[in-house]
Amino acid sequence: MALSIWEALAVFAAGVGAGTINTIVGSGTLITFPVLLATGLPPITANVSNTLGLVPGSISGAIGYRDELTGQRHRVLRLGVAALIGGLTGAILLLALPSKAFDAIVPVLVGLALLLVLFQPRIAAALRRRRETTGTETHPDGGVLLLVGLFAASIYGGYFGAAQGVLYLSLMGLLLNESLQRINAVKNVLAAVVNGVAALFFLFVADFDWTSVLLIAVGSTIGGQIGAKVGRRLKPAVLRGVIIAVGVVAIVQLVLR
């Protein structure tokens, strides 16, 4: 599909914005997807093109957070397996289910995730006191509950992905005894895994627009580095506020879409 110069610039700019916001929080798809639809791409083609284009941005953001990944190799590998299987499942469902299959449930999921992010410090403190009382210790990698939760979130990520990062941050923030920045670093790797496996699947079975893919890829790669520089400097309270603000915008867009 041929894009005008203005459409190409809009897609590129959307890629930069999506790569930036994805690295800091997530929900970059809510920037790129509407722009791709506005250029005339069918919804499924736009979704597939968007997923392919955001892969380099996810990798770029993960590289930008490499210092915060120190000491988390085992955790990333363990959680990455769940993300990979979930992402592939979601990609398959995208081509098998009606395009609006997730529309009703996703805003509710994101809303619940935002509540977990908002109250995570209090909930974590309560869980910590409970463990101290009972003499139990938290699983260093979140245990089975986190694996199942991330698997489910990754199914959605492979299917559409808007606000996927918010779901990851809420789950890991609740079940891991780590700082929000180190959790965000893991989130970026998991997003790269999900986008990557979904993109690989789509390359062989789905229609996509190469021009849009390349424009978003270049833009999101630049945005990933911008997001890493900005996100790593944010204090936990500020980062939490950004997550909630982006999540609220995501809910509004998902409901109105």
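**Exercise 1. Find the mean pLDDT of the protein, and the elements with the lowest and highest mean pLDDT.**

Step 1: pLDDT is the predictor's confidence in each residue, on a scale from 0 to 100. The protein's mean is 85, and 91% of its residues reach 70 or more.

Step 2: Now go element by element, taking helices as DSSP runs of H or I with at least four residues, numbered from the N terminus. The lowest mean, 71, belongs to helix α5 (residues 106-134), and the highest, 94, to helix α9 (residues 210-231).

A word on the ground rules: this is a predicted model, in which local features need pLDDT of at least 70 and side-chain atom pairs count only at pLDDT 80 or more, while totals for chains, interfaces and linings use all residues. Residues are numbered from 1 along each chain as its sequence is written, and side-chain values use heavy atoms, leaving out hydrogens and water.

**Exercise 2. Describe how α7 and α8 cross.**

Step 1: Two packed helices are described by the angle between their axes and the distance between the axes. Axes are lines fitted to C-alpha atoms, for helices over the stretch in contact, with angles from 0 to 180 degrees between N-to-C directions.

Step 2: Helix α7 (residues 164-175) and helix α8 (residues 180-205) have axes that come within 10 Å and cross at roughly 135°. That makes α7 oblique to α8 (angles under 35 degrees count as roughly parallel, over 145 as roughly antiparallel, 65 to 115 as roughly perpendicular and the rest as oblique).

Step 3: Look at the residues in contact (heavy atoms within 4.5 Å). Among them are Tyr168, Leu169 and Met172 in α7, and Ile183, Val186 and Leu190 in α8. The contact divides into eight nonpolar, five polar and one charged residue (Ala, Val, Leu, Ile, Met, Phe, Trp, Tyr, Cys and Pro count as nonpolar, Asp, Glu, Lys and Arg as charged, and the others, Gly among them, as polar).

**Exercise 3. Classify serine 60 and leucine 93 as buried, partly exposed or exposed.**

Step 1: Buried means under 20% relative accessible area, exposed over 50%, and partly exposed in between, with a 1.4 Å probe and protein chains only.

Step 2: Serine 60, in helix α3 (residues 43-64), has a relative accessible area of 5%, so serine 60 is buried. Leaving aside neighbours within four places in sequence, serine 60 touches Thr221, Gly224 and Gln225.

Step 3: Leucine 93 sits in helix α4 (residues 73-96). Its relative accessibility is 26%, so leucine 93 counts as partly exposed. With neighbours within four places again set aside, leucine 93 is in contact with Ile155 and Tyr159.

Notes:
Helix = DSSP H or I, 4+ residues; strand = E, 2+ residues; numbered from the N terminus.
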